[in-house]
Amino acid sequence: MQDTPGAPGVFEAARPLVLASGSPRRSEMLAGLGLRFEVLPCPEPEPVPLPGETAEVYALRASRAKAVAVAALRPDAVVLGADTVVVLGEEIMGKPADPDEAMLMLTRLVGATHRVVSGCVLVQPGGGVTEFAVSTEVTMGPQPLGAIMAYVATGEPMDKAGAYAIQGRGGFLVERIHGSYTNVVGLPLAETVDALLACGAVAPAPL
């Protein structure tokens, strides 16, 4: 378990808040708002997509599993679970298992438009649940094979859905996006803040 104090910012936690994810990107975004929260990754393995399951349904199911499992450990807190996937056509792409799979993913994504879908689930003390999914279109321009190989060699793609980080070195791959940028990073921040405000988990920071 990690306790993240946050930084002076726009919001403050009004109730105990737990992030059921070990993603440093999600932690950085929440801390950047000034929130104090705990990081408690789900101890259970992530579920795999079911045949015919849409990206939105799968991302919500995966984030619900995280949030519910951690809420059982912290029933006093509002627990946020999130899961982000990349979708090319109807194929759901998770994190690559090895550099070869990262190369395969990226060579299919460059020169095409894909979607990034995040499912987010808030579990409140007493059992109240809020769920939402956000989708962003991402277009990648064509890239020389050598550039893709060099990017994979940096190691950055290995823990990222779709094998790239838009906020990192992988930003060179992205030609344009339509929708939420923070969703592509891993957490649709505007929608998450709206949900946290609605359930009373956060409040504007005092002046």
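This is a predicted model: local features need pLDDT of at least 70, side-chain atom pairs count only at pLDDT 80 or more; totals for chains, interfaces and linings use all residues.
Reader: Which residues does glutamate 175 touch, and what makes them contacts?
Author: Glutamate 175 touches Thr139, Met140 and Gly141, leaving aside residues up to four places away in sequence. Contact means heavy atoms within 4.5 Å. Glutamate 175 lies in strand 9 (residues 174-178). Helices (H or I, at least four residues) and strands (E, at least two) are DSSP runs, numbered from the N terminus.

Reader: Why is serine 63 called buried?
Author: Serine 63 has a relative accessible area of 0%. Buried means under 20% relative accessible area, exposed over 50%, partly exposed in between (1.4 Å probe, protein chains only). Serine 63 therefore counts as buried. Serine 63 is found in helix 2 (residues 55-73). Its contacts are Gly81, Ala82, Asp83, Gly119, Cys120 and Val121, not counting residues up to four places away in sequence.

Reader: Why is helix 3 called oblique to helix 4?
Author: The axes of helix 3 (residues 99-109) and helix 4 (residues 145-153) cross at roughly 140° and come within 10 Å. Axes are lines fitted to C-alpha atoms, for helices over the stretch in contact, and angles run from 0 to 180 degrees between N-to-C directions. Angles under 35 degrees count as roughly parallel, over 145 as roughly antiparallel, 65 to 115 as roughly perpendicular and the rest as oblique. So helix 3 is oblique to helix 4.

Reader: Which residues meet where helix 3 and helix 4 pack?
Author: Pro99, Ala102, Met103, Leu106 and Thr107 of helix 3 meet Leu145, Ile148, Met149, Tyr151 and Val152 of helix 4.

Reader: How do you know that the buried residues of helix 4 line one face?
Author: Ile148, Tyr151 and Val152 are buried in helix 4. Seen down the helix 4 axis, the buried residues fall within an arc of 100°, so they line one face of the helix. The arc is that of the directions from the helix axis to the C-beta atoms. Helix 3 is included in what covers them.

Reader: What makes the buried residues of helix 6 a face?
Author: In helix 6 (residues 189-198), the buried residues are Leu189, Thr192, Val193, Ala195 and Leu196. They fall within an arc of 160° seen down the axis, so they line one face of helix 6. On the other side, Ala190, Asp194 and Ala198 are exposed. Just after helix 6, glycine 200 takes a positive phi of about 80°.

Reader: What makes a set of residues a nonpolar core?
Author: A nonpolar core is a set of buried Ala, Val, Leu, Ile, Met, Phe, Trp, Tyr and Cys residues joined through side-chain atoms within 4.5 Å. The largest has 49 residues, and Leu35, Phe37, Leu106, Tyr164 and Leu187 have the most contacts inside it. A second, separate core of 12 residues includes Ala20, Leu60, Val70 and Val79.

Methods
Residues are numbered from 1 along each chain as its sequence is written. Side-chain values use heavy atoms; hydrogens and water are left out.
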